[in-house]
Amino acid sequence: MLNKAKQSHLRYLAIIPLLLLLNGCAKHSIWWIFNPKGVGAKASYDYMMIDVAVMLAIVGVTAILIVWFMWKYQKGKNRGTYDGKWEHSRKLEVAFWGIPIVAVAFLSWAVAIHGSFAVNPYNPTIITKHMKPKGDPIQVDVIATDWQWLFIYPQFHNMAVANELVVPAHTPVFFKLTSTAVTTDFFVPQLLGMIDVMPGMRTKDALESNNLGTYQGIAADYCGAGTSWMLFKTKVVSMADFKQWADGVENSPNTMNYAAFNRFAEPYINVKDKTPVYGHVEHGLFNHLLLEVMDGKKWPLPMFMTENMFHCLKLQASEHRA
Amino acid sequence: MLVNVPGPWSPLLGRLALSEIPYTNPILAPLFVVIVLAGIALVAAITYYGKWGYLWKEWFTTVDHKKLGVMYIILGLVMLFRGFIDGLMMRTQQMLAVGPGDNGMKAMGAIHGYLTPFHFGQVYSAHGLIMILLAATPLLVGIMNIIVPLQIGARDMAYPYLNALGLWITAAAVFLIMISLFVGDFSHNGWFGYAPIFELAYSPGVGVDYWIWTLELVALGTTLGSINFLATVVKMRAPGMTWSRLPIFTWSAVSANIIALTSFPCLQVALALVGADRYLGTHFFTAGFGGNLMLYTNLFWLWGHPEVYFVILPAFGMISEIIPAFSEKPIFGYTAMVLATFAIAGVSWIVWLHHFFTMGMGPYVSTEFSIATMLVGIPTGVKVFNWAATMYKGRLTFSAAMLWAIGALFLLLIGGLTGMMLSIPAVNYMVHNSVFVVAHFHMMLLCIVYAVFGAVIFWFPKVFGFKLHEAWGKIMFWLFSAGTFLVFFPMFMLGFMGETRRLDWPFDPHWAVWFDVQEIGIAVYVLSVLAFLWMIYVSIRDRAHHRVGADAWGTSRSLEWLTDSPVPFYNYAMVPHINARDEAAWRREHGFSESRPDHFAAIHMPNNTGVAVYIGALTFVIGFGLTWRIWWLTVAALILTVLIMIYRSGKGDPGYVISAEEMEKLDRQSRQNMSDGQQHLPKGGGYTGGTVTAYSAAASDQRPQGTPPGNSRPLS
Amino acid sequence: MSHGHSNPIEHPEVQMASRGSYLTGFIIASLLMLAATILVSGQVLAPFPLLLTIMGCAGLAAIAQIYFLLHIDISEHNIWNTVALVMFIPLFVITIGLTWWMFSQLYLRTMPMIPGMPGMH
Amino acid sequence: MSSSHDKPVDPNQVVLWSDDYEGHDVISTRTFGFWMYILSDGMLFATLFAAYGVLSYSHSYYTGPTPAQFVAPWYTFIQTMALFLSVLAYGFSMASLKTGSKAGVINGIIASMVLGIVFVGLDIHDVLRMISIGVTPEVSGGLSAFYALTQVHAAHIFVGLIWMLVMLYQILRKGFTEDVVGRLISLRMFWQFQAVMWVFIYVFVYLWGYMS
């Protein structure tokens with residue numbers, strides 16, 4: 001196994017030069033941040049490019065100057081004139097303060113202020129201002145447990161799917177997020193930025209994408225031993241496909257009431273990448289859990305899940321849960 | 001009041017049991033054996049050579065700021081190595097674990113790679129904590145300890161005993177985190193910890209307790225140190241050392257210690273409240289019962305961001321000393337530099353929230369903290385420009401120290417560029433918690449490490465009287481830089497690919513190649529560590545050939561280069577009178593560099609004391625007792641600490657007096673040692689020997705003829 | 001580090017103690033605290049003006065104590081203490097004020113079930 | 001800008017080594033350092049105040065009691081007076097130090113200690129009363145913060161009392177040496193600073209808590 005993996009690594013080594021070119025045109029690029037496929041991620045990318053352009057101009061010139069000084073004033077080469085007493089110049093000092101002040105002022109206005117409101121998770125103006133008339137926004141309630149995601153679709157028979165998010169294209173999707181375990185981050189690199197998912201608090205985020213495809217979703221903040229496995233695929237599909245998919249899920253016989261959720265929320269590392277679906281979720285589960293966590297409800301980790309991972313993994317291997 | 005912990009507890013041993021020693025762990029058990037054997041060998045060697053008395057009398061009980069500084073630096077270097085090993089383990093784990101499938105080493109019990117997620121969590125938590133608080137901080141405090149009193153012409157720090165106490169409490173923290181390797185385990189929640197995962201319900205073991213008390217001890221040690229530095233600079237400056245003549249490094253030490261003094265209480269409170277949650281069952285950071293988990297994050301970064309500047313400002317100070325010395329020019333824009341230093345220190349207090357922009361506190365708060373964060377870029381930019389202008393019209397010598405300083409400059413440029421990206425909430429949402437952030441702050445922290453290596457090479461001859469081997473210093477620089485590039489350039493790339501932090505299993509196979517590159521980088525880093533050790537060995541072996549005079553580099557500028565190398569324990573036989581900002585350069589240019597005092601006065605020196613060592617040991621016991629909930633031990637150690645402190649306060653320290661005659665003898669001896677060592681060297685000595693001649697020629701027309709008056713006399 | 005050999009009693013920091021000044025500080029602070037206690041226990045004002053008033057009392061009492069008791073002034077022996085205090089006060093304000101502001105914004109957005117906060121949609 | 005290059009140096013005037021450098025002022029250095037510590041302690045209180053501010057919303061008290069239900073303003077006012085009088089007594093003791101009057105200093109410190117003990121006694125009594133009616137730090141985040149702030153202050157007072165005891169012994173044993181006088185001044189600042197902090201705790205924790 002190890003050998004095989006090593007071979008594949010070597011194969012990749014050969015394409016380093018290609019990767020360095022940052023080929024942004026590739027359809028399934030691995031440069032997720034440089035290939036935004038969602039409205040929010042695209043806005044963030046644009047702000048980043050403005051910022052990088054401004055800063056690179058200053059930093060680049062400074063770096064070139066330093067290198068040039070290093071070349072010109074090297075001792076013994078006599079390329080430049082030495083002036084051991086030159087330590088002050090009013091003009092230069094004004095410039096030294098002025099350049100960064102102007103740059104920071106511009107960036108504050110152009111990206112910090114504008115950007116904060118444009119991708120404000122509670123009211124992202126880039127989405128809400130130009131909300132498409134076709135199709136109502138879709139609401140998704142996100143509940144993070146240790147270490148799974150549960151996505152509830154209140155408008156679709158209150159159905160739910162775990163560890164997989166399916167959303168229609170060209171349609172704003174509004175998320176309400178909370179956690180029943182510990183804090184983590186909800187993050188789909190190509191579609192929308194991170195937002196904290198906190199127990200006892202309800203955050204929001206929004207997403208709109210016009211690009212069909214499957215994108216990786218990540219639990220971006222450390223939340224315990226299962227963090228690396230707390231992944232979800234985000235599928236952006238056409239509205240017709242979405243409707244069809246929703247019909248299928250709604251007809252699933254699995255339902256999730258509070259008792260079922262109690263089992264679901266027990267610590268579980270999703271090593272087999274399972275995506276169970278639930279045709280119906282008890283109404284008000286999200287709010288109920290939010291309030292219950294505020295009342296001190298916990299699904300604590302058993303000792304062996306932190307202190308003795310050997311035991312934990314043996315237990316997981318037996319796959320005692322569906 | 002006390003919370004019941006899961007698992008067994010006994011009054012005598014608390015939670016401690018033999019099963020807490022991970023002797024079955026295939027990684028830790030052999031390491032434990034190796035360390036125990038090495039320890040035995042070390043103890044045996046010291047005993048065999050009969051050095052215990054020497055170590056105890058000359059080092060452990062010393063209150064001399066230079067020796068304490070050296071011990072701080074040794075402590076920092078050892079922990080830098082430990083932190084590096086942690087980094088190596090993380091890189092190796094990610095390289096082995098990347099991609100789907102089972103390409104790990106099953107034997108170790110991991111699903112992927114060779115570390116279990118829990119063990120991996122401990123490794124990176126320890127890595128972060130060690131690198132920032134137990135490597136960078138002791139290294140910087142050590143260098144400040146040695147240099148600041150010398151630069152202001154003081155005999156010692158304001159409170160020499162407090163200085164020793166700070167060292168030994170820091171050492172206690174180091175012992176605590178080291179023992180967590182072999183007894184129990186360390187926190188797995190990252191070096192800054194997350195609420196509520198560090199609550200007892202989610203971290204039932206002792207790891208978080210180790211983490212709390214280690215941090216509390218470092219915080220205590222550093223606060224004591226910062227009080228000492230500020231009092232030293234405010235109250236102990238030599239005559240003529242006005243504020244406008246204070247060397248830049250001292251200025252940066254002042255600003256850094258203001259930050260430390262003001263910010264460390266926040267850390268102490270934040271961790272004490274975590275402790276209260278875990279020990280007393282309070283609800284500060286719980287999700288339920290009206291607690292607020294983000295309050296922890298807030299209080300932590302309230303300290304955490306100023307702390308970042310606490311470590312970077314002294315590094316800026318070091319760069320500001322090294323670049324002028326090897327550019328043969330005074331620093332450009334002294335006043336602007338000082339203003340910029342304090343501007344950074346001031347702004348550092350209103351930016352902490354950018355560590356959790358994603359919390360969801362709304363655009364108004366985000367905007368304020370975003371703009372405040374960008375403001376840091378202004379003084380930092382000024383500093384970089386001023387360093388560049390210092391090099392302009394200079395005469396640059398690319399000695400090893402200068403290379404490290406310039407390397408730091410370039411890392412600062414990259415770190416600044418990426419920092420400005422991270423300061424924008426819209427961009428931050430995409431890369432927050434990704435390895436892009438990790439790469440960014442490693443650029444900044446490596447800027448510190450570069451400055452520290454530069455400073456160690458720069459000031460080593462001042463402390464030990466001989467230079468480090470230049471060529472090996474440069475080889476190490478290039479190896480280290482290659483390692484930096486190979487490890488952190490891929491990390492930036494991985495950040496743009498969306499890899500988040502702290503993944504024990506990097507799930508995307510496309511990342512594999514970058515992890516391989518990083519692993520190569522780590523291997524190069526290993527070579528640079530070897531080069532460092534070899535540099536030390538070669539330098540000590542050939543020390544006779546690298547002896548230096550007072551002005552070791554021949555182009556040095558600030559006051560510390562006036563006194564002999566190595567610095568005698570009394571620092572200055574007579575306290576110098578300061579005439580200019582760069583006193584050493586001024587005396588050299590005006591022909592006074594050879595002048596020595598012609599008469600002496602009696603001086604009063606503090607006695608050595610073992611009390612600091614005892615209190616350090618007791619604080620370790622307190623930390624250990626609290627971690628394992630051995631209450632009798634904790635209480636006993638606490639009471640003993642208070643009693644020792646009261647005893648020491650009653651006994652006081654009469655100190656001892658060196659009479660004027662003795663002083664004269666000591667001074668002659670010190671001078672003799674120095675010139676003996678230099679006999680075979682060209683005049684001016686050392687690597688930049690030629691410079692002195694050039695300078696002398698340039699300055700010869702200004703050189704006053706005849707004997708300098710007053711109480712000074714020329715030597716030659 | 002040669003010690004001054006003068007009598008420590010004559011040190012200016014000993015000599016600056018003054019019964020009158022301590023008494024003044026005590027009386028001012030006590031009266032202000034008394035006033036605040038009476039106002040609060042009698043609930044004579046509406047909550048917000050009452051809050052402002054007792055905040056004022058606290059501020060004045062603290063300033064009186066700092067000035068009359070701790071000798072924070074610009075005399076030669078206290079100037080550095082004063083400088084240090086002046087540097088710290090903005091930090092106290094920042095620590096408490098910005099934290100408070102931020103969490104009020106956070107609560108506003110993430111705790112919809114609290115009375116008076118916008119409801120859940 | 002720089003004075004280092006421009007002015008010509010007269011070799012006959014220049015002073016290179018300080019003849020008359022008498023070393024630093026031990027008492028001033030000690031009190032300045034201690035003042036630094038006190039300000040850092042103030043930062044500690046500021047952080048606790050920040051925590052209290054965040055945890056003093058109505059939902060922070062969960063379903064448990066709020067300060068309005070258990071704070072007794074006049075009881076705490078008596079505590080306030082005990083502390084203020086203790087500080088005053090210590091101030092008078094320091095005024096006696098000006099003349100080197102051992103008896104005056106010792107009497108002042110003893111008076112200050114007694115009043116300090118009264119303060120701590122009242123505090124302990126108050127805590128016991130609150131615990132007896134079910135107001136404990138485990139009940140809610142708000143109460144945790146309430147207890148943290150008030151009891152950290154009480155712990156400072158306790159440390160101050162031990163310190164006073166040590167100082168009494170040192171005065172009797174050694175008289176007014178430089179070290180002892182320096183410590184007495186440091187203790188004065190420490191004690192007075194606790195009064196300043198108490199003003200804020202009294203007004204913002206007790207009185208405001210009682211109001212809301």
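In the predicted model, strands S6(A) and S7(A) form a hairpin in which three residues lie between them. The two strands, S6 at residues 184-188 and S7 at residues 192-197, pair in the antiparallel sense over four bridges, and within this pairing Asp185(A) has Asp196(A) of S7(A) as its bridge partner. S6(A) also pairs with strand S9 (residues 213-219) of chain A, again in the antiparallel sense, over two bridges, with Ala219(A) of S9(A) as the bridge partner of Phe186(A). S6(A) is mostly covered, five of its five residues being buried.

Elsewhere in chain A, UniProt, in an unreviewed entry, places the feature "transmembrane region" at residues 12-34, 54-73 and 94-117. In the model, residues 54-73 of chain A are 95% helix and 0% strand, with end C-alpha atoms 29 Å apart, while residues 94-117 of chain A are 100% helix and 0% strand, with end C-alpha atoms 33 Å apart.

In chain D, the axes of helix H1 (residues 26-54) and helix H5 (residues 141-174) come within 8 Å and cross at roughly 160°. Because angles over 145 degrees count as roughly antiparallel, H1(D) and H5(D) are therefore roughly antiparallel to each other, and their crossing is left-handed. The contact between these helices involves residues of H1(D) including Phe34(D), Tyr37(D), Asp41(D), Phe45(D) and Tyr52(D), and residues of H5(D) including Phe146(D), Leu149(D), His153(D), His156(D) and Trp163(D).

Methods
Residues numbered from 1 in each chain as written. Chains lettered and ligands numbered in written order. Predicted model: local features only at pLDDT ≥ 70, side-chain atom pairs only at ≥ 80, totals over all residues. Heavy atoms only, no water. UniProt positions renumbered as here; feature names shortened; annotations may be inferred. Buried < 20%, exposed > 50% of the residue type's maximum accessible area, 1.4 Å probe, protein only. Pairing = 2+ DSSP bridges. Axes fitted to C-alpha atoms, helices over the stretch in contact; angles between N-to-C directions. Parallel < 35°, antiparallel > 145°, perpendicular 65-115°, else oblique. Left-handed = near helix turned anticlockwise from the far one by under 90°. Contact = heavy atoms within 4.5 Å.
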